[in-house]
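Hi everyone, thanks for making time.

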Amino acid sequence: VLFMHLHIVFMELIIDPVCSIAFESEQEEKGIMHRPPRRPDKLFFGMDKIVFSLIKGILLLAMVMVVYFLSLREGHSEKEVRAIAFSALIIGNVFLTLTSLSSTRSFLSIFQERNWSVLFISVLAFVMLVLSLRIPFLQEIFGFSFPGNAHFVLAFTAAAAMLLLLEGIKWLQWQRRLRRASSHQDTNALR
């Protein structure tokens, strides 16, 4: 068994506050008052949002599975593989939250705008993860064995690759919206 009930509870204790505090403290989108209103017949949770959310979840799952199988291939013990895969899941979830904060801005805007609550809660999530991996008592509870710092480069790199891919998709979607809005304005000007 890769993850036990305790891992899921621990993940929820980390991810829920990260998401809640991050989204509550995030600034509004720039230029939001200059955008046309959402069409009344368009659903708030339409198929496009549902599909993109599914894509994010599938990417996170694929990333964790790649890390898991690569860790197995390197010959790690079951407890070490669990620690590496769990780290990838937590880091990936935090990165997923960061990229989901805005549909128009890069995750780097959090650092530029100094959104301290998001930064604080993200750092706290990483600290809690490190404590669960390093403190022997917590290692025993979670069924972890510390494989060494170098092995977590894989988890971080895979999560960063997922983050960059999602940022690229977000940028392409934003460019498409801008082109659509521009062509809509041109059509209105011709009338």
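Let me start with what I call a helix: a DSSP run of H or I with at least four residues, while strands are E runs of at least two, all numbered from the N terminus. Residues count from 1 along each chain as its sequence is written. This is a predicted model, so local features need pLDDT of at least 70 and side-chain atom pairs pLDDT 80 or more, while totals for chains, interfaces and linings use all residues, and side-chain values use heavy atoms, without hydrogens or water.

On confidence, pLDDT is the predictor's own score for each residue, from 0 to 100. The chain averages 78, and 79% of the residues score at least 70.

Now the packing. Axes are lines fitted to C-alpha atoms, for helices over the stretch in contact, with angles from 0 to 180 degrees between N-to-C directions. H2 and helix H3 (residues 78–100) have axes that come within 9 Å and cross at roughly 155°. That makes the two roughly antiparallel, a label for angles over 145 degrees. The contact (heavy atoms within 4.5 Å) includes Leu60 and Val64 of H2 and Ile84 and Leu89 of H3.

And what about H3 and helix H5 (residues 116–134)? Their axes lie 11 Å apart, at an angle of about 175°, so H3 is roughly antiparallel to H5 as well. Among the residues that meet are Phe86 and Phe95 in H3, and Phe126 and Leu129 in H5.

Last, salt bridges: a side-chain nitrogen of Lys or Arg within 4 Å of a carboxyl oxygen of Asp or Glu. The count comes to two.

Note on methods:
Parallel < 35°, antiparallel > 145°, perpendicular 65-115°, else oblique.
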